[in-house]
Amino acid sequence: QCRFDLQVHSRDSITASIRNNQFDVAFTVLSSQGADVRHLATVEAVCVFHRSSPLARLSQVTPQALADQPFVSLAPSYLSRQNVDAVFLRAGIQPRVFMSTQTAASACGVIRSGYGVTVIDPFSAAVFASKDLLVRPFAPAVRFDYVIAVPGREPNRVLVDAFVGRVRDAIAESTVRLARHLTDAADPRSSARARARGSRSR
């Protein structure tokens with residue numbers, strides 16, 4: 001039986017902690033010096049918004065489509081935020097940021113109330129996608145390269161390898177779950193049907 005201690009840190013803190021053998025394993029978007037780094041997944045950002053948003057009619061969301069939308073951003077120090085900001089900058093669009101938050105979970109929580117949009121990683125989107133929160137592909141693509149980092153000297157390598165295997169399985173399941181929600185993007189009429197069902201339920 002194993003006990004897990006799950007912590008959330010900045011990428012700089014992760015690099016230092018792995019180098020100092022303070023963690024058994026870390027999942028991050030950057031390589032870490034002094035660590036054994038393995039590729040985990042390359043994914044593309046998605047746009048998340050409430051089902052009542054006019055974006056629901058779109059099969060794909062672009063910076064231009066978000067120009068007048070209240071935007072929830074992640075913290076400026078996050079690489080994902082910087083990558084998304086770079087896409088807006090290249091498009092000549094200034095997003096209407098009304099809130100910055102540390103986590104995709106809190107961003108989705110705000111949007112679930114019916115206000116705002118965000119562009120986040122698909123893993124988080126898969127967790128929070130629902131009849132109220134819709135997910136669409138975002139273009140141009142914002143790619144995230146996730147890696148697994150372990151210390152150079154890892155006493156728990158067998159347990160870590162087993163845990164990483166379960167994480168890979170979870171990612172595969174998350175990908176399938178997100179694909180189901182993205183079927184709305186292929187058939188925007190399904191969003192209209194969802195809104196109609198919601199109206200009848202009220």
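1. Let me start with the cysteines. Cys108 is buried, its relative accessible area coming out at 0%. Cys47 is buried as well, with a relative accessible area of 0%. How many disulfides does the count give? The answer is 0 disulfides, taking a disulfide as a pair of cysteine sulfur atoms within 2.5 Å. Keep in mind throughout that this is a predicted model.

2. Now the overall picture. The protein chain has 7 helices and 8 strands. Of its 202 residues, 40% are buried. On contacts, take those between residues at least 6 apart in sequence: 77% of them join residues at least 24 apart. The accessible surface of the chain is about 11200 Å², and carbon and sulfur atoms account for 52% of that.

3. On to the largest pocket, which has a volume of about 2000 Å³. Several elements give two or more residues to its lining: helix H1 (11–19), E1, H2, helix H4 (122–128), strand E8 (143–151) and helix H5 (157–181). Which of them gives the largest share? That would be H5, with 9 residues. The lining comes to 47 residues, and Leu6, Gln7, Val8, Phe27 and Thr28 are the ones nearest the pocket centre. By residue class, the lining of the largest pocket splits into 28 nonpolar, 12 polar and 7 charged.

4. Thr28 deserves a look of its own. It belongs to strand E1 (residues 26–28) and is one of the residues nearest the centre of the largest pocket. Is Thr28 buried or exposed? Its relative accessible area is 6%, so Thr28 counts as buried, the cut-off being under 20%. Leaving aside residues up to four places away in sequence, Thr28 touches Arg11, Ile14, Asp145, Tyr146 and Val147.

5. Searching the whole structure for cavities of 30 Å³ or more turns up 1. The largest cavity holds about 50 Å³ of space. Strand E4 (70–74), helix H2 (79–91) and strand E6 (117–120) are the elements that give two or more residues to its lining.

6. Sorted by class, the lining of the largest cavity has 5 nonpolar residues, 3 polar and 1 charged.

7. Two backbone points to finish. Most residues other than glycine have a negative phi, and most peptide bonds are trans. Where does the chain have a cis peptide bond? The bond from Ala139 to Pro140 is cis, with omega near 5°. Pro140 sits in the loop between strand E7 (133–137) and E8.

8. The other backbone point is Asn21, which has a positive phi, near 60°, without being a glycine. Asn21 is found in the loop between H1 and E1. Its relative accessible area is 44%, so Asn21 is partly exposed; that class lies between the 20% limit for buried and the 50% limit for exposed.

Terms used
Residues numbered from 1 in each chain as written. Predicted model: local features only at pLDDT ≥ 70, side-chain atom pairs only at ≥ 80, totals over all residues. Heavy atoms only, no water. 1 Å grid on protein atoms, 1.4 Å probe; cavity = no way out; pocket = protein on both sides within 12 Å on 5 of 7 lines; lining within 4 Å. Points joined across faces, edges and corners; volume = space filled by probe spheres on them. Helix = DSSP H or I, 4+ residues; strand = E, 2+ residues; numbered from the N terminus. Nonpolar A, V, L, I, M, F, W, Y, C, P; charged D, E, K, R; others polar. Buried < 20%, exposed > 50% of the residue type's maximum accessible area, 1.4 Å probe, protein only. Contact = heavy atoms within 4.5 Å. Areas by Shrake-Rupley, 256 points an atom, 1.4 Å probe, with all protein chains shown as cover.
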